[in-house]
4 protein chains.
Amino acid sequence: MNGIHPQKEASPNLLAMYSATRAYTEKLCEPLEIEDYIPQPSVDVSPPKWNIAHTTWFFEEMILKKFVPGYKVFDENFGFLFNSYYNSIGTRTVRDHRGDLSRPTVKHVFAYRKYVDEKISELLSKEVSEEIAGLIILGINHEQQHQELFLADLKYTLSVNPLFPVYDESFNEIECAESGASGFVEIEAGVYEIGHSGDGFYFDNERGRHNVYLHDFSMSRYLVTNAEFLIFIADGGYKDFRFWHSEGWDWVNQNRVDSPLYWQEKDGEWLNFTLGGLQKLHLDAPVSHLSFYEASAFAEYKGMRLPTELEWETASGGFDWGLRWEWTGSAYLPYPGFSKPAGAVGEYNGKFMINQMVLRGSSIATPPNHSRKTYRNFFHPHLRWQFTGLRLVR
Amino acid sequence: MNGIHPQKEASPNLLAMYSATRAYTEKLCEPLEIEDYIPQPSVDVSPPKWNIAHTTWFFEEMILKKFVPGYKVFDENFGFLFNSYYNSIGTRTVRDHRGDLSRPTVKHVFAYRKYVDEKISELLSKEVSEEIAGLIILGINHEQQHQELFLADLKYTLSVNPLFPVYDESFNEIECAESGASGFVEIEAGVYEIGHSGDGFYFDNERGRHNVYLHDFSMSRYLVTNAEFLIFIADGGYKDFRFWHSEGWDWVNQNRVDSPLYWQEKDGEWLNFTLGGLQKLHLDAPVSHLSFYEASAFAEYKGMRLPTELEWETASGGFDWGLRWEWTGSAYLPYPGFSKPAGAVGEYNGKFMINQMVLRGSSIATPPNHSRKTYRNFFHPHLRWQFTGLRLVR
Amino acid sequence: MNGIHPQKEASPNLLAMYSATRAYTEKLCEPLEIEDYIPQPSVDVSPPKWNIAHTTWFFEEMILKKFVPGYKVFDENFGFLFNSYYNSIGTRTVRDHRGDLSRPTVKHVFAYRKYVDEKISELLSKEVSEEIAGLIILGINHEQQHQELFLADLKYTLSVNPLFPVYDESFNEIECAESGASGFVEIEAGVYEIGHSGDGFYFDNERGRHNVYLHDFSMSRYLVTNAEFLIFIADGGYKDFRFWHSEGWDWVNQNRVDSPLYWQEKDGEWLNFTLGGLQKLHLDAPVSHLSFYEASAFAEYKGMRLPTELEWETASGGFDWGLRWEWTGSAYLPYPGFSKPAGAVGEYNGKFMINQMVLRGSSIATPPNHSRKTYRNFFHPHLRWQFTGLRLVR
Amino acid sequence: MNGIHPQKEASPNLLAMYSATRAYTEKLCEPLEIEDYIPQPSVDVSPPKWNIAHTTWFFEEMILKKFVPGYKVFDENFGFLFNSYYNSIGTRTVRDHRGDLSRPTVKHVFAYRKYVDEKISELLSKEVSEEIAGLIILGINHEQQHQELFLADLKYTLSVNPLFPVYDESFNEIECAESGASGFVEIEAGVYEIGHSGDGFYFDNERGRHNVYLHDFSMSRYLVTNAEFLIFIADGGYKDFRFWHSEGWDWVNQNRVDSPLYWQEKDGEWLNFTLGGLQKLHLDAPVSHLSFYEASAFAEYKGMRLPTELEWETASGGFDWGLRWEWTGSAYLPYPGFSKPAGAVGEYNGKFMINQMVLRGSSIATPPNHSRKTYRNFFHPHLRWQFTGLRLVR
């Protein structure tokens with residue numbers, strides 16, 4: 001998961017931003033039954049209860065405990081229960097046991113949110129230091145990341161249930177505004193600038209505008225669609241080792257993968273499980289829930305390749321993006337001059353820079369105001385429970 | 001888990017028995033929050049929601065669907081969701097994924113119970129055949145077994161929560177009525193009769209009164225206590241391979257076992273997690289939550305041994321029992337002349353007769369009217385989440 | 001593997017017995033290439049080098065080091081390398097890493113054998129105490145057990161090689177002298193005596209002649225044949241859960257078992273890998289290399305059952321046996337009055353009395369003079385690399 | 001393992017090159033006992049027998065079978081036994097079962113080598129096509145790679161043996177010619193050229209000289225030494241999560257890693273297992289047998305970082321290298337314009353370009369004439385059985 005790091009202090013209306021973000025999380029919870037907050041069917045997903053408590057814990061741990069004299073924590077045990085991976089802060093619930101916890105109740109977790117919201121509101125009712133403002137913005141961005149995870153995780157949990165429960169019938173995953181797009185953006189070889197260094201919030205992993213040398217390339221203006229991916233399947237794409245990385249081929253065979261996650265063929269028809277329920281597969285929509293291995297194999301099959309993240313950032317002004325996270329051919333590694341901040345916030349990004357691939361863009365599950373062209377998302381190459389697709393380069 | 005098989009048709013007041021059993025299950029649910037119904041932290045335990053739905057499914061599947069013309073199932077999916085291990089009936093939710101399901105909601109499961117209760121009540125309002133009566137009684141005994149599992153499973157789930165939630169403060173696990181007992185029952189060598197063959201309900205695995213030859217033995221009148229087990233620990237019992245089976249010794253070392261399940265030492269004091277909450281260890285209470293390996297090692301340490309199930313049954317008139325399931329030194333195997341009934345009910349007991357050890361007696365979690373001296377309970381030797389203790393023989 | 005315990009001191013011609021046993025081991029080695037001494041393709045088998053060194057180590061560790069003043073061990077490291085499971089004696093090579101060791105060389109191990117043989121010969125050239133004589137006999141029986149393991153382990157190792165190497169073309173596994181036998185031995189109910197207590201060597205697990213009560217039974221005079229087992233296969237025996245223990249059914253499905261070990265169907269013909277090479281399946285030979293699960297499923301399919309070990313011992317005068325170890329329906333548990341001897345020899349049998357089933361008789365791989373009707377062999381129910389078959393009871 | 005791809009046809013004296021390479025392999029075998037050819041104690045290493053047969057199989061499969069009319073294969077089974085990972089060619093021995101095979105004998109494998117050598121010699125006694133010449137050179141380079149693996153694999157196998165066998169007393173791993181070097185090479189920012197495109201052999205993964213933009217950096221002239229690494233250990237480097245990648249930290253804890261592979265502390269002194277035997281740790285020698293995680297943690301501890309492979313190649317003229325493979329901070333990914341050749345040779349490099357890190361330089365185990373500054377070696381970040389070290393950048 002994305003770690004986070006704030007670069008700049010905030011705008012004057014910090015409290016409004018804070019409140020809007022917190023309200024958005026609670027709006028996401030509205031369709032849920034209490035039972036939905038609990039299960040964790042895979043180590044890669046977190047229960048909704050954990051997601052909404054952990055984002056609250058972040059504000060308590062990083063801000064209230066440090067900067068509000070005499071602050072009384074809501075519950076002594078929550079530091080342990082809702083810490084995610086911050087070794088600096090102490091031991092924590094092992095990541096694959098988050099679904100074992102029935103208590104605290106959902107009601108109690110919402111009380112926790114309310115308590116922390118009140119304390120943060122008090123704090124922000126007066127002028128705050130740049131450090132506090134920076135941490136508030138960091139916490140907001142952190143919660144936004146968990147809003148996206150909330151949806152992707154929940155989708156996975158609902159999907160393993162043979163009842164195929166509907167999260168929200170009006171949730172539309174299959175937008176295909178781009179489907180009219182066609183052709184390629186052409187970029188000429190040369191030295192380009194990459195990375196973030198301006199105003200506004202950005203994470204430490206995208207910091208540092210710097211030169212890179214790019215060779216000529218042409219990048220597709222549209223995302224690969226379900227229809228195109230169906231042809232890959234029909235053409236035996238999952239059964240021909242030549243398109244696959246060696247580890248991808250092992251992954252396909254060990255897991256008997258033969259289609260994107262959430263697809264199922266029934267009586268000759270392809271169905272797709274979505275947050276709006278089980279639906280017919282929409283052919284013109286961008287393909288989603290691919291692993292890096294699948295995205296790469298598809299590109300190989302087409303005789304093309306994935307863009308590097310540097311190419312993507314450079315060409316990104318030439319096409320629409322935002323419906324699917326786009327796998328790139330770049331490993332997740334530090335930019336020149338990267339260094340980890342001291343303390344817990346230093347644990348967000350740097351320590352994950354191994355064995356993961358970069359994704360660019362954003363997805364239909366990304367909350368408003370949480371995307372930019374320099375944003376570096378990253379996942380292990382076999383994972384596909386996020387809304388992940390691809391764009392081709394030749 | 002115990003499979004089940006009815007031997008005899010029922011008393012005239014079947015409906016009263018049925019209603020009392022169903023009500024008892026719902027009484028056990030009263031202290032629960034909705035969240036408590038969901039988690040499954042180990043493959044050996046089932047979520048409360050599953051337990052209360054599965055026992056209902058049993059009545060629907062085995063009786064209503066077969067004997068009530070035009071019966072309409074409550075939900076087509078429940079046959080799949082709440083089947084436990086009956087291969088005859090079709091595929092089923094894999095046993096270690098019961099905790100992944102948020103839906104159906106708890107409310108919906110209670111509606112399911114109510115629906116089935118109404119249909120069974122209608123059925124029992126008139127005279128029923130012997131076959132139906134037998135299956136009703138079987139279903140009642142089945143639900144009673146799950147009442148005991150309900151408590152043992154729930155205890156395990158609450159125990160892995162660092163908040164140590166209390167199920168019911170008035171639940172008293174630590175009775176020690178027997179602590180006054182002392183001495184040994186003496187039995188002389190000879191041919192004895194074992195097994196059940198009279199009136200009343202019994203399972204197929206205890207059927208068939210038959211001769212066995214026993215040698216002289218003396219059986220303790222009381223269960224081993226926490227105080228005695230503490231001495232074993234203090235004496236290095238968990239660190240001396242000589243007391244252990246080879247597989248028990250591996251189990252101790254791989255799991256770093258150094259005390260009974262639910263015990264923890266804190267600041268020099270022994271605490272014990274119970275359904276009434278985390279408590280000081282009660283020294284005079286019978287030790288509980290031992291694996292067969294631990295029970296056997298303790299006996300070896302004392303220079304004695306566990307009784308065989310044949311010895312236990314023969315001597316059982318000479319002492320009080322019922323607070324803890326008692327590990328015996330007998331493997332769970334068929335009695336002479338045992339044969340599996342045809343159809344799904346044949347899957348209960350016979351197919352588990354390998355790699356398990358017999359326990360005799362009953363426990364503080366066993367529901368009323370569900371124990372008898374011929375009852376054969378059985379678990380794998382490493383399991384200890386049930387209320388299991390031991391009695392010594394020399 | 002069978003642990004061992006001597007009961008009685010030896011005959012006057014100890015040295016002759018010792019030498020004959022040692023020579024027999026070396027005769028078994030004759031067909032081997034040096035390379036054959038090394039691999040260990042499964043945790044359940046040991047490399048020939050280990051087998052022949054370990055039996056030597058037993059004489060050095062239990063006798064020479066203890067009773068020969070000033071004895072100089074052949075190599076200090078061998079105590080660690082060739083100890084099997086004797087915790088009393090110290091740490092040891094982990095059992096599944098025996099195939100990782102290229103050194104000591106085979107030549108060096110034979111030098112070790114020669115060295116120990118000389119020292120034992122010196123010792124036995126004079127009168128020895130009863131204790132020493134007993135340990136010599138124990139060591140002889142121990143080596144005989146490893147002679148049988150030598151062949152079964154080697155067969156497994158050769159079988160995983162796509163070249164299907166031949167151990168010895170003249171090795172005949174498929175004797176079927178019994179095939180003329182037919183009918184059943186009838187035994188009447190009553191109290192019988194079981195166990196060993198006379199002269200001659202026996203293990204501690206068979207010690208103690210004692211009464212048991214048996215019910216009427218009829219035991220087949222012949223072993224189940226390959227032809228009979230083929231019918232079970234053709235009849236869908238491996239695909240019908242009703243014949244199987246629950247754990248057996250899991251074992252079948254997880255390992256995709258569809259025939260006895262070493263069978264393979266090729267171009268419509270059944271082949272059988274033997275120590276004499278890959279051969280056509282011999283229909284009249286007794287079926288071999290079954291797990292307990294398969295033996296039990298076959299009996300269930302035939303509407304019969306396996307004998308208990310008590311029944312087997314009682315009826316064993318009424319038929320020929322010795323071609324295949326015969327699975328019984330008895331768990332491996334202590335006889336009445338069993339107790340473990342002190343020290344390392346106490347680790348042989350008692351600590352394995354859990355989760356294993358008893359086999360009676362002996363097999364074509366059992367060395368001469370190493371079988372008797374009271375002998376209790378035992379293996380886990382899923383294992384089948386030994387020469388294991390079955391006989392039916394009704 | 002490195003895949004391979006030839007770029008250019010060969011020099012006139014192909015046969016001399018071929019013969020020299022084949023002879024070098026056999027020279028490496030001289031110190032071995034037959035037993036040493038067999039074990040495979042880890043999936044990452046191959047037995048010597050497999051290494052020397054596989055390199056022979058390569059010449060047979062890629063050249064003799066394709067270009068020599070009427071060529072008769074030495075043994076039909078070897079295609080299966082000694083194929084490594086070429087899916088194009090058919091099924092193969094599973095990689096972690098190479099140590100299960102006692103046959104063919106070592107003698108037979110040497111006969112195989114001789115047979116193929118004769119056939120290749122015949123072939124090269126006349127003029128050959130460019131294609132054949134290219135494949136011969138490829139086969140030579142392939143065998144050279146396996147010469148290095150031979151030593152690294154053998155070292156690992158010997159190391160797990162408590163006897164600590166010596167491969168060759170004169171094998172000197174601890175050269176420290178560089179220890180006189182000091183200071184840093186300074187490189188200025190700008191566009192540089194990277195990759196190979198000239199004459200001579202190179203692999204497909206290093207093909208294509210192309211521009212990259214580098215920022216200013218300073219690279220150490222010497223490799224990190226054992227003495228420096230000891231300070232890291234003494235300073236708690238293995239116990240401080242802040243220096244480690246998250247996955248590296250898990251690796252350290254799960255495997256209880258506390259020093260480089262082959263180090264052991266005994267009576268307060270550090271020993272190091274080498275191909276020359278167990279020795280005192282040589283303080284001035286370059287540290288070896290580090291995983292990427294350890295190399296990276298050390299750099300983090302020193303407040304510096306690993307070079308990228310692009311930096312390394314650019315600066316490599318300014319220092320001596322060749323004693324240890326040097327971990328870089330670059331993931332193993334395709335160069336611009338990379339494409340896989342058709343057929344089996346296309347399976348060498350491209351399909352491994354995920355989850356691995358690049359190493360540059362060469363090691364003391366690399367055969368003569370098999371290193372160049374554009375060479376890209378690669379391994380998974382947790383592996384350390386190769387001769388791997390590091391050089392720092394600031």
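Rings of Phe, Tyr and Trp, with the six-membered ring taken for Trp, form an aromatic pair if their centres lie within 6.5 Å. The model examined here is predicted, and by this rule 144 aromatic pairs are counted over all chains.

**Exercise 1.** Classify the aromatic pair of Tyr71(B) and Tyr115(B), and state where the two residues lie.

*Solution.* The centres are 6.1 Å apart and the planes make an angle of 50°. Planes under 30 degrees apart count as stacked and those over 60 as edge-to-face, so the pair is tilted. Tyr71(B) belongs to the loop between α2 (48–67) and α3 of chain B, whereas Tyr115(B) is in helix α4 of chain B, 44 residues apart. Both Tyr71(B) and Tyr115(B) are buried.

**Exercise 2.** Determine whether Tyr37(D) and Phe110(D), which form an edge-to-face pair, are buried or partly exposed.

*Solution.* The pair has 6.2 Å between centres and 85° between the planes. Tyr37(D) lies in the loop between α1 (14–29) and α2 (48–67) of chain D and Phe110(D) in helix α4 (residues 106–124) of chain D, so the pair ties together parts 73 residues apart in sequence. Buried means under 20% relative accessible area; Tyr37(D), at 5% relative accessibility, is therefore buried, while Phe110(D), at 24%, counts as partly exposed.

**Exercise 3.** Describe the interface of chain B and chain A by its area and its salt bridges.

*Solution.* The buried area is about 2400 Å², with 63% given by carbon and sulfur atoms. Of the area that chain B buries against chain A, Glu35(B), Arg103(B) and Leu163(B) supply 29%, more than any other three residues. Two salt bridges are counted between the chains; one joins Arg103(B) to Asp36(A), with the closest N and O atoms 2.5 Å apart.

Definitions and conventions. Residues are numbered from 1 along each chain as its sequence is written. Chains are lettered from A and ligands numbered from 1 in the order in which they are written. This is a predicted model: local features need pLDDT of at least 70, side-chain atom pairs count only at pLDDT 80 or more; totals for chains, interfaces and linings use all residues. Side-chain values use heavy atoms; hydrogens and water are left out. Buried area is the accessible area (1.4 Å probe) that two parts lose on being put together, summed over both. A salt bridge is a side-chain nitrogen of Lys or Arg within 4 Å of a carboxyl oxygen of Asp or Glu. Helices (H or I, at least four residues) and strands (E, at least two) are DSSP runs, numbered from the N terminus. Buried means under 20% relative accessible area, exposed over 50%, partly exposed in between (1.4 Å probe, protein chains only).
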